[in-house]
Amino acid sequence: MSWGFKQSHSDPCVFTCERNIEGTPQTLIIGCYVDDLFVLYSNDGPSSLYSAFTTALASRWNVEDEGPVSDLLNVDIATDADCVLLKQEKYISQLVDSYLPEGIPSFFHKNHAPAADDLPLRVDEALHAKEQGVTPDPTLRANYQSLVGALLYCSTQTRPDIAYAVGMLCRT
């Protein structure tokens, strides 16, 4: 790459570029997703690496700077001077609206463990039923898989507290 970007070993869609400009070490980190770029930078002045990169990018392609990021791939992003907050409240609310159209059942409790104590037993029962040839309704199965996939996404992005329960659900 002519800019000297190096591809991340842990994520093939992330690239970094480090240069020393006017005696100041500067870094760009680019995340690519389909046709979107997410750019993190250490300096943004007129002679910065970020400014040079965005100018070069705009000279070659029709690009649009949407300003500071507030959400990316259903993850809300908020920043202040010394921290970045990631959350998925809107995404999870959309899941609730989609999968619980009549609202959250009254037996659900806030601030409880994200899984019932009998979850492993329930998963074992479902696996046993599957071994016995019991097949669930195809629509029910598709909805279940869709919901568990969405919860798995949440567990890997912003909700590690539900990872155990979702991992158990993925087994069925």
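Below are my entries on the sheet, a surface patch and the aromatic pairs.

**Ground rules.** I'm working with a predicted model, where local features need pLDDT of at least 70, side-chain atom pairs count only at pLDDT 80 or more, and totals for chains, interfaces and linings use all residues. Numbering runs from 1 along each chain as its sequence is written, and side-chain values use heavy atoms, with hydrogens and water left out.

**Sheet.** I looked up an open sheet of 3 strands and found the order β5-β6-β7 with antiparallel pairing. Its edge strands are β5 (71–72) and β7, each pairing on one side only. For the record, strands are DSSP runs of E with at least two residues, helices are runs of H or I with at least four, and both are numbered from the N terminus. Two strands pair if DSSP finds at least two bridges between them.

β5 and β6 are antiparallel over 2 bridges, and leucine 72 sits opposite valine 75 in β6. The hairpin from β6 to β7 goes through 2 residues.

**Patch.** Which residues make the nonpolar surface patch? I got Tyr33, Val34, Val69, Leu72 and Leu73, at about 460 Å². Areas are Shrake-Rupley with a 1.4 Å probe, and for residues only the protein chains shown count as cover.

Leucine 73 is in the loop between β5 and β6. With 39% relative accessibility, leucine 73 counts as partly exposed (buried is under 20%, exposed over 50%, partly exposed in between).

**Rings.** I found 4 aromatic pairs. Rings of Phe, Tyr and Trp (its six-membered ring) pair with centres within 6.5 Å; planes under 30 degrees apart are stacked, over 60 edge-to-face, the rest tilted. Tyrosine 41 and tyrosine 50 are stacked because their centres are 3.9 Å apart and their planes at 25°. Tyrosine 50 is buried at 15%, while tyrosine 41 is partly exposed at 37%.

Tyrosine 91 and tyrosine 153 have centres 5.9 Å apart and planes at 85°, so I logged them as edge-to-face. Tyrosine 91 lies in α2 (residues 89–99) and tyrosine 153 in α4 (residues 138–157), so this pair ties together parts 62 residues apart in sequence. Last entry: ring pairs link Trp3, Phe5 and Phe53 into a cluster.

Technical notes: Patches are made of residues with over 30% relative accessible area and no salt bridge: like charges are joined within 9 Å, nonpolar side chains (Val, Leu, Ile, Met, Phe, Trp, Tyr) within 5 Å. A salt bridge is a side-chain nitrogen of Lys or Arg within 4 Å of a carboxyl oxygen of Asp or Glu. Buried means under 20% relative accessible area, exposed over 50%, partly exposed in between (1.4 Å probe, protein chains only).
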